[in-house]
Amino acid sequence: MNINFTYLPGDGIGPEVGAAALRVLNATASAFGHTLEIEEHLLGGIAIDTVGTPMPAETLASAQKTQAILLGAVGGPKWDHLKGADRPELGGLLPLRKTLQLYANVRPAKPQSALLDASPIKAEYLEGVDFVIMRELTGGIYFGDKGRDALGAYDECRYSEAEIERIAIRAFEMAKTRRHKVTSVDKSNVLETSRLWREVVIRVAKDYPEVELEHTLVDAMAMHMLSRGKDFDVILTENMFGDILTDEAAMLCGSMGVIPSASLGEGKLGLYEPIHGSAPDIAGQGKANPIAMILSAAWMLRTSFDLVAEAEAIEAAVTLALDERQCTGDIGGTLSTLEVGEWIADHAGR
Ligand code: IPM
Ligand code: MG
């Protein structure tokens with residue numbers, strides 16, 4: 001088949017991990033008899049520098065008509081002086097997620113056995129950890145009214161019942177395909193949006209009697225994730241809590257550089273991106289770990305194109321690379337970003 005997608009390398013290490021992932025996609029596509037049709041566009045800081053806006057019209061138009069988007073990362077210190085929608089994140093990445101209504105961001109945490117030593121957490125807390133964070137991605141404080149006034153600054157946090165309901169349904173549906181448990185994370189002892197969150201989640205749960213539901217406050221969850229991560233299956237939470245908890249979850253897996261994500265809406269369109277940022281401190285040095293990006297590409301094949309065998313070939317090659325330490329320095333290897341991509345491409349394309 002023709003695998004047609006929009007490719008947005010973005011900033012910092014984005015283009016490096018992206019190049020490695022494209023090697024893997026090319027090798028896999030040719031091994032399985034597919035062709036790749038890649039539409040590359042600018043997003044974020046690179047778009048500001050090149051055409052003066054973080055979200056060029058052509059980028060949005062391409063994203064709106066494609067079936068899948070593969071994205072590197074956006075942002076960096078170079079654009080830190082910019083405000084509001086002039087910024088790479090607020091004017092690029094967030095409107096992309098919002099305009100396409102990709103409200104369900106899925107981020108898995110399942111430590112690979114080869115990486116148990118790479119985590120700063122003791123191995124006994126990592127064994128058996130296998131959960132997914134279902135993060136609401138297009139609402140909450142990220143998208144509320146924000147600004148400055150005479151007294152200071154403010155960021156409004158709002159959630160509608162409909163927004164909570166649709167992400168809760170996604171979490172319960174996912175739990176049905178896994179270990180039948182949803183842990184909803186909120187701050188309902190303080191926040192009104194969290195009180196509504198809890199009410200709506202309880203209501204949705206009534207349609208899923210086979211799924212166990214528990215509620216946890218976000219501060220406690222930050223602790224439980226490390227002390228008893230294996231107790232969780234699907235963790236359902238709002239936008240900002242999900243942002244914070246997914247970085248924490250990455251540490252259970254050994255590195256920010258190994259966790260992919262998918263942002264999904266109602267249709268087949270998906271935005272696939274590593275959970276890590278643009279890592280400006282290591283950009284341009286060939287040190288960035290491309291595995292999160294490569295796994296994001298595999299996820300894209302599986303979910304947006306129904307290419308399950310192809311995705312599995314890439315995932316198996318990643319596991320083999322880790323087992324054989326064919327990886328970057330952050331997880332104990334000696335290869336460069338592109339060398340890891342080439343190694344995985346060779347093994348996925350067999
Ligand atoms: C993420 C990132 C983004 C977010 C930033 C770059 C705006 O941290 O995808 O987790 O906060 O959503
Ligand atoms: Mg984040």
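**Exercise 1. At what angle do helix α1 (residues 14-31) and helix α11 (residues 337-348) pack, and how far apart are their axes?**

First, the ground rules: this is a predicted model, where local features need pLDDT of at least 70, side-chain atom pairs count only at pLDDT 80 or more, and totals for chains, interfaces and linings use all residues. Residues are numbered from 1 along each chain as its sequence is written, chains are lettered from A and ligands numbered from 1 in the order in which they are written, and side-chain values use heavy atoms, leaving out hydrogens and water.

*Step 1.* The angle between α1 and α11 is about 15°, and the axes are 8 Å apart. Axes are lines fitted to C-alpha atoms, for helices over the stretch in contact, with angles running from 0 to 180 degrees between N-to-C directions. Helices here are DSSP runs (H or I, at least four residues), numbered from the N terminus.

*Step 2.* Now the residues: α1 brings Glu16, Val17, Ala19, Ala20, Arg23, Val24, Ala27 and Thr28, and they meet Thr337, Leu338, Gly341, Glu342, Ile344, Ala345 and Ala348 of α11. Contact means heavy atoms within 4.5 Å. Sorted by class, that's nine nonpolar, three polar and three charged residues (Ala, Val, Leu, Ile, Met, Phe, Trp, Tyr, Cys and Pro are nonpolar; Asp, Glu, Lys and Arg charged; the others, Gly among them, polar).

**Exercise 2. Describe how α9 packs on α10.**

*Step 1.* Helix α9 (residues 291-305) and helix α10 (residues 308-323) have axes that come within 7 Å and cross at roughly 160°.

*Step 2.* That angle makes α9 roughly antiparallel to α10.

*Step 3.* α9 passes α10 in a left-handed crossing.

*Step 4.* On the α9 side, the contact includes Ile291, Ile294 and Leu295; on the α10 side, Val308, Ile314 and Val318 are among the residues involved. The class count is ten nonpolar, no polar and four charged.

**Exercise 3. Which two domains is the chain divided into, and how do they meet?**

*Step 1.* Domain 1 covers 1-100 + 269-350 and domain 2 covers 107-255; the bounds come from an automatic or database domain assignment.

*Step 2.* Their C-alpha centres lie 24 Å apart, and 14 residues of domain 1 touch 19 residues of domain 2.

*Step 3.* About 1400 Å² is buried between domain 1 and domain 2, with carbon and sulfur atoms giving 63%. Buried area is the accessible area (1.4 Å probe) that two parts lose on being put together, summed over both.

*Step 4.* In domain 1, Arg97, Lys98 and Ile275 lose the most area to domain 2, together 41% of what that side buries.

Methods
Helix = DSSP H or I, 4+ residues; strand = E, 2+ residues; numbered from the N terminus. Parallel < 35°, antiparallel > 145°, perpendicular 65-115°, else oblique. Left-handed = near helix turned anticlockwise from the far one by under 90°.
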